[in-house]
Amino acid sequence: MNLPNKLTVLRILMIPVFLVFMLLETIPHRYLLAAIVFGLASFTDFLDGYLARKRGLVSNFGKLMDPLADKLLVFSALICFIPINAAHAVLVFIILARELLVTSVRLIAAEQGRVIAADWWGKVKTVVQIVWILMVLFTYWLWSNVMLLFEPVVENSAPPSGVLGLLVLCDVLQIAVVILTLFSGWNYIWKNRDLFSDIG
(Lines give C-alpha, C1' and ligand atoms only; values in the text may rest on other atoms or scores of the structure.)
Protein backbone atom coordinates (compact mmCIF):
# COMPACT_ATOMS: atom_id res chain seq x y z
CA MET A 1 0.00 0.00 0.00
CA ASN A 2 1.51 3.34 -1.07
CA LEU A 3 1.74 6.45 1.12
CA PRO A 4 -1.32 8.30 -0.24
CA ASN A 5 -3.48 5.24 0.41
CA LYS A 6 -2.06 4.91 3.91
CA LEU A 7 -3.05 8.52 4.55
CA THR A 8 -6.56 7.75 3.30
CA VAL A 9 -6.82 4.78 5.67
CA LEU A 10 -5.48 6.97 8.49
CA ARG A 11 -8.22 9.52 7.79
CA ILE A 12 -10.86 6.81 8.08
CA LEU A 13 -9.35 5.61 11.36
CA MET A 14 -9.45 9.16 12.73
CA ILE A 15 -13.23 9.34 12.31
CA PRO A 16 -14.05 7.16 15.37
CA VAL A 17 -11.60 9.24 17.41
CA PHE A 18 -13.40 12.40 16.28
CA LEU A 19 -16.76 10.87 17.21
CA VAL A 20 -15.53 9.92 20.68
CA PHE A 21 -14.61 13.54 21.39
CA MET A 22 -17.91 14.78 19.98
CA LEU A 23 -20.15 12.34 21.83
CA LEU A 24 -18.53 11.96 25.26
CA GLU A 25 -19.40 15.04 27.26
CA THR A 26 -17.11 14.04 30.14
CA ILE A 27 -13.94 14.59 28.11
CA PRO A 28 -12.32 17.95 29.01
CA HIS A 29 -11.93 20.33 26.07
CA ARG A 30 -13.63 17.79 23.81
CA TYR A 31 -14.57 20.32 21.14
CA LEU A 32 -11.00 21.55 20.87
CA LEU A 33 -9.72 17.99 20.63
CA ALA A 34 -12.37 17.20 18.00
CA ALA A 35 -11.27 20.28 16.03
CA ILE A 36 -7.63 19.16 16.13
CA VAL A 37 -8.54 15.67 14.91
CA PHE A 38 -10.81 17.04 12.19
CA GLY A 39 -8.17 19.53 11.07
CA LEU A 40 -5.48 16.87 10.86
CA ALA A 41 -7.81 14.51 9.00
CA SER A 42 -8.70 17.27 6.53
CA PHE A 43 -5.00 17.97 5.98
CA THR A 44 -4.39 14.31 5.09
CA ASP A 45 -7.05 14.75 2.38
CA PHE A 46 -4.99 17.49 0.77
CA LEU A 47 -1.72 15.65 1.34
CA ASP A 48 -2.70 12.26 -0.08
CA GLY A 49 -4.07 13.85 -3.24
CA TYR A 50 -0.97 15.98 -3.68
CA LEU A 51 1.40 13.04 -3.19
CA ALA A 52 -0.62 10.77 -5.46
CA ARG A 53 -0.46 13.26 -8.33
CA LYS A 54 3.13 14.37 -7.80
CA ARG A 55 4.58 10.86 -7.46
CA GLY A 56 2.29 9.16 -9.94
CA LEU A 57 0.74 6.97 -7.23
CA VAL A 58 -2.88 7.25 -8.33
CA SER A 59 -4.59 3.89 -7.72
CA ASN A 60 -8.05 2.38 -7.98
CA PHE A 61 -8.10 2.05 -4.19
CA GLY A 62 -7.41 5.77 -3.85
CA LYS A 63 -10.04 6.71 -6.43
CA LEU A 64 -12.64 4.77 -4.46
CA MET A 65 -11.63 5.29 -0.85
CA ASP A 66 -10.35 8.88 -0.89
CA PRO A 67 -13.71 10.55 -1.67
CA LEU A 68 -15.47 8.03 0.57
CA ALA A 69 -13.18 8.91 3.48
CA ASP A 70 -13.84 12.63 2.89
CA LYS A 71 -17.59 12.17 2.94
CA LEU A 72 -17.56 9.96 6.03
CA LEU A 73 -15.50 12.56 7.88
CA VAL A 74 -17.81 15.44 6.95
CA PHE A 75 -20.97 13.37 7.51
CA SER A 76 -19.83 12.45 11.01
CA ALA A 77 -19.33 16.11 11.89
CA LEU A 78 -22.63 17.28 10.43
CA ILE A 79 -24.67 14.57 12.13
CA CYS A 80 -23.02 15.43 15.47
CA PHE A 81 -23.89 19.10 14.91
CA ILE A 82 -27.65 18.48 14.85
CA PRO A 83 -28.20 17.58 18.57
CA ILE A 84 -26.01 20.48 19.76
CA ASN A 85 -27.94 22.93 17.52
CA ALA A 86 -24.84 23.83 15.52
CA ALA A 87 -26.57 22.92 12.24
CA HIS A 88 -30.19 22.66 11.17
CA ALA A 89 -31.31 19.15 10.26
CA VAL A 90 -32.86 20.30 6.96
CA LEU A 91 -29.64 21.99 5.88
CA VAL A 92 -27.63 18.92 6.84
CA PHE A 93 -29.99 16.79 4.74
CA ILE A 94 -29.44 19.10 1.74
CA ILE A 95 -25.67 18.81 2.09
CA LEU A 96 -25.75 15.03 2.47
CA ALA A 97 -28.17 14.65 -0.44
CA ARG A 98 -25.87 16.68 -2.70
CA GLU A 99 -22.86 14.55 -1.80
CA LEU A 100 -24.76 11.32 -2.46
CA LEU A 101 -26.06 12.68 -5.77
CA VAL A 102 -22.58 13.67 -6.95
CA THR A 103 -21.21 10.29 -5.89
CA SER A 104 -23.95 8.57 -7.90
CA VAL A 105 -23.06 10.64 -10.98
CA ARG A 106 -19.42 9.67 -10.60
CA LEU A 107 -20.38 6.01 -10.42
CA ILE A 108 -22.43 6.35 -13.62
CA ALA A 109 -19.48 8.06 -15.30
CA ALA A 110 -17.10 5.35 -14.08
CA GLU A 111 -19.29 2.69 -15.70
CA GLN A 112 -18.80 4.56 -18.98
CA GLY A 113 -15.06 4.75 -18.49
CA ARG A 114 -15.01 8.41 -17.49
CA VAL A 115 -13.34 9.94 -14.45
CA ILE A 116 -14.91 13.20 -13.29
CA ALA A 117 -12.62 15.37 -11.20
CA ALA A 118 -13.89 17.92 -8.71
CA ASP A 119 -14.35 21.32 -10.34
CA TRP A 120 -13.45 24.74 -8.93
CA TRP A 121 -16.84 25.29 -7.30
CA GLY A 122 -16.70 21.92 -5.62
CA LYS A 123 -13.27 22.72 -4.20
CA VAL A 124 -14.47 26.09 -2.90
CA LYS A 125 -17.45 24.38 -1.29
CA THR A 126 -15.15 21.88 0.41
CA VAL A 127 -12.84 24.59 1.78
CA VAL A 128 -15.72 26.68 3.15
CA GLN A 129 -17.27 23.52 4.61
CA ILE A 130 -14.06 22.66 6.46
CA VAL A 131 -13.68 26.23 7.73
CA TRP A 132 -17.29 26.19 8.95
CA ILE A 133 -16.90 22.91 10.82
CA LEU A 134 -13.65 24.03 12.45
CA MET A 135 -15.20 27.40 13.38
CA VAL A 136 -18.18 25.66 15.02
CA LEU A 137 -15.90 23.38 17.03
CA PHE A 138 -13.69 26.27 18.14
CA THR A 139 -16.71 28.39 19.10
CA TYR A 140 -18.33 25.62 21.11
CA TRP A 141 -15.03 24.91 22.84
CA LEU A 142 -14.71 28.58 23.75
CA TRP A 143 -18.32 28.77 24.91
CA SER A 144 -17.96 25.60 27.00
CA ASN A 145 -14.93 27.01 28.77
CA VAL A 146 -16.66 30.31 29.43
CA MET A 147 -19.62 28.43 30.88
CA LEU A 148 -17.33 26.39 33.12
CA LEU A 149 -15.48 29.45 34.39
CA PHE A 150 -18.45 31.77 34.84
CA GLU A 151 -21.41 29.41 35.17
CA PRO A 152 -23.13 31.28 38.05
CA VAL A 153 -23.08 34.45 35.93
CA VAL A 154 -24.07 33.24 32.48
CA GLU A 155 -26.30 30.26 33.20
CA ASN A 156 -29.61 30.50 31.30
CA SER A 157 -28.52 33.80 29.76
CA ALA A 158 -27.30 34.86 26.34
CA PRO A 159 -23.77 33.86 25.31
CA PRO A 160 -20.99 36.37 26.01
CA SER A 161 -20.69 38.99 23.29
CA GLY A 162 -17.48 37.51 21.87
CA VAL A 163 -18.98 34.06 21.63
CA LEU A 164 -22.22 35.47 20.24
CA GLY A 165 -20.29 37.10 17.40
CA LEU A 166 -18.62 33.78 16.59
CA LEU A 167 -21.99 32.01 16.64
CA VAL A 168 -23.31 34.54 14.12
CA LEU A 169 -20.24 33.91 11.95
CA CYS A 170 -20.91 30.16 12.18
CA ASP A 171 -24.48 30.76 10.95
CA VAL A 172 -23.19 32.87 8.05
CA LEU A 173 -20.72 30.15 7.09
CA GLN A 174 -23.45 27.52 7.34
CA ILE A 175 -25.63 29.48 4.90
CA ALA A 176 -22.64 29.95 2.59
CA VAL A 177 -21.98 26.19 2.66
CA VAL A 178 -25.59 25.43 1.73
CA ILE A 179 -25.56 27.96 -1.14
CA LEU A 180 -22.29 26.59 -2.47
CA THR A 181 -23.58 23.05 -2.01
CA LEU A 182 -26.67 23.73 -4.11
CA PHE A 183 -24.84 25.71 -6.79
CA SER A 184 -21.87 23.34 -7.11
CA GLY A 185 -24.24 20.36 -7.20
CA TRP A 186 -26.36 21.93 -9.95
CA ASN A 187 -23.23 22.94 -11.86
CA TYR A 188 -21.85 19.41 -11.54
CA ILE A 189 -25.03 17.82 -12.88
CA TRP A 190 -25.37 20.36 -15.69
CA LYS A 191 -21.79 19.92 -16.90
CA ASN A 192 -22.27 16.16 -17.03
CA ARG A 193 -25.88 16.10 -18.27
CA ASP A 194 -24.84 14.00 -21.27
CA LEU A 195 -24.59 11.05 -18.87
CA PHE A 196 -28.37 11.09 -18.66
CA SER A 197 -29.04 11.43 -22.38
CA ASP A 198 -30.58 7.96 -22.51
CA ILE A 199 -33.19 8.76 -19.84
CA GLY A 200 -36.69 8.95 -21.22
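Predicted model: local features only at pLDDT ≥ 70, side-chain atom pairs only at ≥ 80, totals over all residues.
Helices here are DSSP runs of H or I with at least four residues, strands are runs of E with at least two, and both are numbered from the N terminus. Residues are numbered from 1 along each chain as its sequence is written.

**Stop 1: the whole chain**

Start by selecting everything and colouring by secondary structure. You will find seven helices and zero strands, in the order α-α-α-α-α-α-α from the N terminus. Of the 200 residues, 41% count as buried, meaning under 20% relative accessible area; exposed is over 50% and partly exposed lies in between (1.4 Å probe, protein chains only).

**Stop 2: α1 and α2**

Next, select residues 3-23 (helix α1) and 30-54 (helix α2). Their axes come within 9 Å and cross at roughly 165°. Axes are lines fitted to C-alpha atoms, for helices over the stretch in contact, and angles run from 0 to 180 degrees between N-to-C directions. The pair is therefore roughly antiparallel, a label for angles over 145 degrees. In this contact there are 20 nonpolar, two polar and four charged residues. Nonpolar covers Ala, Val, Leu, Ile, Met, Phe, Trp, Tyr, Cys and Pro, charged covers Asp, Glu, Lys and Arg, and polar covers the others, Gly among them.

**Stop 3: Thr8**

Stay in helix α1 and pick Thr8. Is Thr8 buried or exposed? With 2% relative accessibility, Thr8 counts as buried. Show its surroundings and, apart from neighbours within four places in sequence, you will see contacts to Asp48, Met65, Asp66 and Ala69; contact means heavy atoms within 4.5 Å.

**Stop 4**

- Select His29, in the loop between α1 and α2. Its phi is positive, about 55°, although His29 is not a glycine. His29 is partly exposed, at 41% relative accessible area.
- Then move to Asn85, in the loop between α3 (60-81) and α4 (89-111). Asn85 has a positive phi near 60° and is likewise a residue other than glycine. At 66% relative accessibility, Asn85 counts as exposed.

Definitions and conventions:
Heavy atoms only, no water. Parallel < 35°, antiparallel > 145°, perpendicular 65-115°, else oblique.
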